[in-house]
Amino acid sequence: TQLRPPTLDHLGLPSAVQWEAMTFRARTGLRCHVRADRESTALSREQQTVLFRIFQEALTNVVRHAKASAVEVILAERSSRFELRIRDNGGGITEAQARNPRSMGLLGMRERAALIGGLFDITGRRGKGTVVSVRVPLAKAPARTGGRRRRVPPRKRSR
């Protein structure tokens, strides 16, 4: 249930992220503030699961590496994309650390984002913290036309 909490299925990504942030605060003592511009999203179930797992990994990295006291999470949905941004106030990841091919956590986040057509980015500023962001395209709803479609019989081919 920690990998895919029931909250994710029943209430969606924003509520699941809020719930995870509360348990993170209780477990670590670090402040974790979540801002979501909507209560629900147009993300698919798979996209929500992937983003939730990336969020969990980012929080794990904050505890292990950042030496931070606070985390800010932003969930923003626009007409064609969704963005998850996690910012901490720790020491800041270096460019060499961000590109390290042996960093399994970062590699996993990159691969997860790619699976859903997303773009993963991580940047840091020494003494200013680290920002992890994932941008995911939203699937367009199929265009609807009024009325019934008329079926056209196939043409006969001449030999």
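Before looking at residue pairs I note that two strands count as paired if DSSP finds at least two bridges between them. The model I am reading is a predicted one.

**Sheet.** I looked up the pairing of strand E3 (residues 81-88) with strand E5 (residues 129-137), and found that the two run in the antiparallel sense over seven bridges; within this pair, Leu84 stands opposite Val134 in E5. I then traced the whole sheet, which is open, has five strands in the order E1-E2-E3-E5-E4, and shows mixed pairing. Strand E1 (31-36) and strand E4 (119-125) each have a single partner strand and stand at the edges, so one side of each is left without a neighbour in the sheet. Neighbouring strands are turned by 10° against each other on average, direction ignored.

**Helices on the sheet.** I next checked helix H3 (residues 45-66), which lies across E1, strand E2 (70-77), E3 and E5 and runs at about 10° to E3. Helix H5 (residues 104-115) also packs on the sheet, where it touches E4 and E5, and its direction makes about 145° with that of E4.

**Sides of H5.** Which residues of H5 are buried? I found Leu106, Gly108, Met109 and Ala113 to be buried, and they cover an arc of only 160° around the axis, which puts them on the same side of H5. The buried residues of H5 pack against H3, helix H4 (95-99), E4 and E5, whereas Met104, Ala114 and Leu115, on the other side of H5, are exposed. Last, I looked just after H5, where Gly117 takes a positive phi of about 75°.

Definitions and conventions:
Residues are numbered from 1 along each chain as its sequence is written. This is a predicted model: local features need pLDDT of at least 70, side-chain atom pairs count only at pLDDT 80 or more; totals for chains, interfaces and linings use all residues. Side-chain values use heavy atoms; hydrogens and water are left out. Helices (H or I, at least four residues) and strands (E, at least two) are DSSP runs, numbered from the N terminus. Axes are lines fitted to C-alpha atoms, for helices over the stretch in contact, and angles run from 0 to 180 degrees between N-to-C directions. Contact means heavy atoms within 4.5 Å. Buried means under 20% relative accessible area, exposed over 50%, partly exposed in between (1.4 Å probe, protein chains only). The arc is that of the directions from the helix axis to the C-beta atoms.
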